Amino acid sequence: QFATMSQVSSVSLSYEIPDGNSSGSVGVYRFGTDSAQAITAQTLTSDENYLNVYKIPLKAGAFFEGHATDSAKIILNETAVQALGWKSADKAIGQQIRLPNDPTIFIVHGVVRNFPFGNMQQTIAPVIFFNVQAAPIYRYFSFKLNPGDIPTTIQLLQKKWNTLMPGAPFEYKF
């Protein structure tokens with residue numbers, strides 16, 4: 001419903017936003033190798049609109065499509081692809097990876113270009129995107145607003161918020 005508002009160009013549901021605070025990291029290793037060879041990757045849980053809202057370029061493959069079948073698909077950044085030993089983003093597409101103590105075999109569905117997640121001076125760490133459908137935990141609605149009267153737009157968003165989620169606090173930051 002937020003996405004249908006004329007003041008909003010796109011909306012994303014996620015557990016993290018690119019402000020440097022993530023839910024943590026996870027060990028990731030190539031299927032068929034020893035889990036002791038796992039690399040540590042920062043986790044991001046998002047829906048299919050995250051790249052559009054935050055203008056993160058896709059390097060290879062595709063992002064999530066918004067279906068339950070996305071639950072075993074993962075997206076890596078370029079740093080994660082290199083750390084896992086693939087020579088290029090294209091070579092990572094379709095490859096299988098595992099997480100220690102998780103029976104799921106994940107398929108690399110896409111690779112995004114490296115992007116700063118927090119401080120612009122930090123080295124870009126490996127990142128793995130999980131689909132919000134696979135792990136239905138989230139805490140952020142991110143809105144990409146159309147240019148215009150921002151204070152009025154915020155009021156309209158808050159009104160819609162209060163209608164859809166009465167009693168839930170409406171907090172925002174840019």
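**Legends to the close-up views**

**View 1. Overall dimensions of the predicted chain.** For 174 residues, a compact globule would have a radius of gyration near 16 Å, and the 17 Å of the chain agrees with this (taken over C-alpha atoms; the rule is 2.2 Å times the number of residues to the power 0.38). The model is predicted, with local features requiring pLDDT of at least 70 and side-chain atom pairs pLDDT 80 or more, while totals for chains, interfaces and linings use all residues. Residues are numbered from 1 along each chain as its sequence is written, and side-chain values use heavy atoms, without hydrogens and water. The C-alpha atoms fill a box of roughly 55 × 35 × 25 Å along the principal axes.

**View 2. Order of the secondary structure elements.** The chain comprises 4 helices and 9 strands (DSSP runs, H or I of at least four residues and E of at least two, numbered from the N terminus). Their order along the sequence is β-β-β-α-β-β-α-α-β-β-β-β-α.

**View 3. The largest nonpolar core.** This core (buried Ala, Val, Leu, Ile, Met, Phe, Trp, Tyr and Cys residues joined through side-chain atoms within 4.5 Å; buried means under 20% relative accessible area, 1.4 Å probe, protein chains only) has 20 residues, of which V28, I74, L76, W86, I97, V108 and I128 touch the most other members. Elements giving two or more residues include β2 (25–30), β5 (73–77) and β8 (127–131). The most, 3 residues, come from β7.

**View 4. Surroundings of W86.** Beyond neighbours within four places in sequence, W86 is in contact with R30, L76, V81, K91, A92, Q95, I97 and V108 (heavy atoms within 4.5 Å).

How values were computed
Buried < 20%, exposed > 50% of the residue type's maximum accessible area, 1.4 Å probe, protein only.
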